Structure formats: structure tokens, C-alpha cells
Amino acid sequence: MSITTPISQENIVVGEVANGLPLTIPVYRLKGDGSGPSVYIQANMHGAEVQGNAVIFQLLEQLKQLNLKGDITLVPYANPIGCNQKSGEFTLGRFDPITGTNWNRMYHYNNDLVTQFAKEHSQYDDAALKNHFKQALLDEIDTKLNGPAYLLNTGKRIALNLQKLAHQADIVLDLHTGPISSKHLYCPTYATDSARYFNIEHVLLIPSDFDGAMDEASFCPWWHLSEALEVKGRNFNVQVEAFTVELGSQEKIDLKEAHNDANSILSYLNHKNVLVNAPHQPEKMTRYACHLDDYFAYYAPIGGMVEYVAPLGEHIKAGEPIAHVLRMERYLSEQPLQTLSLDCDAIAILHFASASVNQGTELYKFFTNTFEL
């Protein structure tokens, strides 16, 4: 099939490794006609979360056959250290091995910049305000990247280079997976309507708090600017939508499912007027949501070997079994097989990857107090 939209590739330098050679990530770009919003999509910030790379492959396979209104930038292998951080057959790349910090908690946000900008630039019209604020965000990232090199650790340097790409876009999608997980979407509450255009049944609605993640680093400045201008009597809609898209479980890729995930993303992009005459539409499904405060972590009350029995993505009634815990060292002194349950109705979203757990291990995460979107 002929290519409608050409794809360009650039390998950008995000640091250096111990032998002095450059640490690079691949960046793929497709140009639109300029009439639609621009898009940034990245995958594999956490080393074991590889399915997003397959989704980017399937997106490129389709996007090159489409006409685009907006520019699209795609970055697989966003964290080349994390995806090569192996221990035996397992990938450990969730945390920087030097600092112990979560790779997805190193992005930058300066609320003082928002406050000062709102104070000094509220007279601009919406288009000028958007352009000037976007440039202010980019300038601040450049200042940090071009400052003394000794002030940036490895993870921060990678994060800032990725954030520089993301700040140029109107839509940001950060592709992740859980340990053993169902698909779900982290969605800022102001963009709730947009969640209906992804083919994802479970939606976690999050507030405007910044905790270091890419989606928050992308939408928080715009959300807080909108709130600051509202105080001054100025109505300025949030100009950027950003989501963390959880694609299922880590340590595996599934190309067929990646094609479905690409169609889900294309459905959303079609809704946002990024594509020209594309056929992609959201599937008809019931979507369930909960607020972040109702996203419940269940920690193992005892240690042992766990059989996970709560079906992921399905509704669980209070009192129903969610796991069996086998404790063979106490076979003669107590009941060796114990059953765990919840005291409330919930939807199981993900669970720990291993059957071997210590007391206090985060065993499951559940949606509670759910409602239909």
C-alpha cells in the first residue's frame, strides 16, 4: 500500500553512558497540514512496560497511510536505560538503580511560572496566550538542559529531553502497562468527555495535583493557568490534554492487541480532529470510572504464596474471594490455605506480578465507588 504521509526519524541524545558514548532515543515524526492539534506519544519509560512499543509500531503502520491535520511525534524506548535494566529473565527498569527514584516521577513543573505568567500576560487573546505560555514552558526546560551539567542526574536529563518534545504538543499520550493488569486510562477530570473515545472500559479520573509523572507535567501547567486566569475573571480553557494509557501487563508484547490499542488511540485522535477523513470510531461499551481517591490499594495482610482469583476488569462483590494464600511452613500449626476478601464492592484493575509476597506487599489495586461514564 502506498504511503500517504512520510515518516522521518531522528535519534536524539539524552545523556552519556559510562564509556562516554551517547545515550540516544529514536523519535519518529509525521507532518500534518497544520490545521489540527499536534500530538506526542511515548512508550517504555518503565523498562518492563514494553507493549507501548508494539502500539507505536501499529500506529506508524496506519498513520503512514492516512492524511493528517496535526503533526504527530512518536517515541518508543523512551528510557533506554530502563528497558535494558535486566536481572536474569526479568526487567527491573521501574526505578533508577542509582537513586531509587521512579523513572516516571522526574519530570519538571514550576507553579511559580504559572502564577507569574497569569499575572503578566492575561491581556493576550487566547491564541497569543497559548503560544506565549507554550514558549515559556519550553524556555524553562531549555534553561535546565543548558545549565551546569552537574546539576542533572541521569533520570532528570532523560525526563527533561522527553518533556521538551511533549511541551510542543497539544495532546500527550504516555503508554504504560501494569504488573498483571487490565487496560485502564488515567484521565484528568477536565477531559472526562474525551475518555469516551478510547476503547478502554476503566477510567481513573485524576485531579490537578502534580506528582512528577509525564501526563501531570503536560496538563498541570495549563490547568493551573486556566484556574489562575479564572480568578482574574478570564475564561481560558485548558489547552492541552494528556493521558497515561495503561495497555495491560508488562514483560510481553501482543501485536494483535497492539493493533486494537492503536485503533483505540486513532479513534481518540480522530475525535480531536488530528486525522483527515479517518474511519476510526470508538467501540460501543460501558465505561466505568472512579476518582483517584477511590482507587484502592490492597496490601497483603499476611505473607505467603498467593493464588490471585479476582478476575481483572470485572466487578467483585464485598466478601467474595480475591486471593488464596498458601503458608506451608505452618501446615501442622494452622490452616495452611487462607482466603482473602474485600469488605466493599470493587473492580479489580491490577495485581502483583509474583505469587511470592511479603506481608505489606501491594497485592491488588481496585476501583471503588465506581460509576458509568
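## The largest pocket

In this predicted model, strand β8 supplies the largest share of the lining of the largest pocket, three residues. The pocket has a volume of about 1100 Å³. Its lining is made up of 40 residues, and those closest to the centre are Glu-49, Arg-94, Thr-177, Gly-178 and Pro-179.

Several elements give two or more residues to this lining: the strands β7 (90–91), β8 (171–178), β10 (184–188), β11 (202–206), β12 (241–249) and β22 (362–367), together with α5. Sorted by class, the lining of the largest pocket holds 16 nonpolar, 13 polar and eleven charged residues.

## The cavity

The whole structure was also searched for cavities, and one of 30 Å³ or more was found. About 50 Å³ of space lies inside the largest cavity. Its lining consists of His-108, Tyr-109, Asn-110, Leu-137, Glu-140, Ile-141, Gln-163, His-167, Ala-217 and Pro-221.

Two or more of these lining residues come from each of α3 (126–145) and α5 (214–231). Helix α3 gives the most, with three residues. Five residues of the cavity lining are nonpolar, four are polar and one is charged.

In soluble globular proteins, nonpolar side chains tend to be buried together. Here the largest nonpolar core has 49 residues, and Tyr-40, Val-75, Leu-162, Leu-225 and Tyr-295 are those with the most contacts inside it. The element that gives the most to this core is α5, with eight residues. A second, separate core has 38 residues, among them Ala-43, Val-55, Leu-60 and Ala-289.

Tyr-40 shows what surrounds one member of the largest core. With its neighbours within four places in sequence left aside, Tyr-40 is in contact with Thr-73, Val-75, Leu-162, Leu-165, Ala-166, Ala-169, Ile-171, Val-172, Leu-173 and Met-214.

## Two residues with positive phi

Most residues other than glycine have a negative phi. Asn-44 has a positive phi, near 70°. Asn-44 is placed in the loop between β3 (39–43) and α1 (51–63). Its relative accessible area is 1%, so Asn-44 counts as buried, the cut-off being under 20%.

Tyr-77 also has a positive phi, near 50°, and sits in the loop between β5 (72–75) and β6 (86–87). With a relative accessible area of 42%, Tyr-77 is partly exposed.

Technical notes
Residues are numbered from 1 along each chain as its sequence is written. This is a predicted model: local features need pLDDT of at least 70, side-chain atom pairs count only at pLDDT 80 or more; totals for chains, interfaces and linings use all residues. Side-chain values use heavy atoms; hydrogens and water are left out. On a 1 Å grid over the protein atoms alone, a cavity is a set of points where a 1.4 Å probe fits but cannot get out, and a pocket is an open set with protein on both sides within 12 Å along at least five of seven lines; lining residues have an atom within 4 Å of a point. Grid points are joined across faces, edges and corners, and a volume is the space filled by probe spheres set on the points. Helices (H or I, at least four residues) and strands (E, at least two) are DSSP runs, numbered from the N terminus. Ala, Val, Leu, Ile, Met, Phe, Trp, Tyr, Cys and Pro count as nonpolar, Asp, Glu, Lys and Arg as charged, and the others, Gly among them, as polar. A nonpolar core is a set of buried Ala, Val, Leu, Ile, Met, Phe, Trp, Tyr and Cys residues joined through side-chain atoms within 4.5 Å. Buried means under 20% relative accessible area, exposed over 50%, partly exposed in between (1.4 Å probe, protein chains only). Contact means heavy atoms within 4.5 Å.
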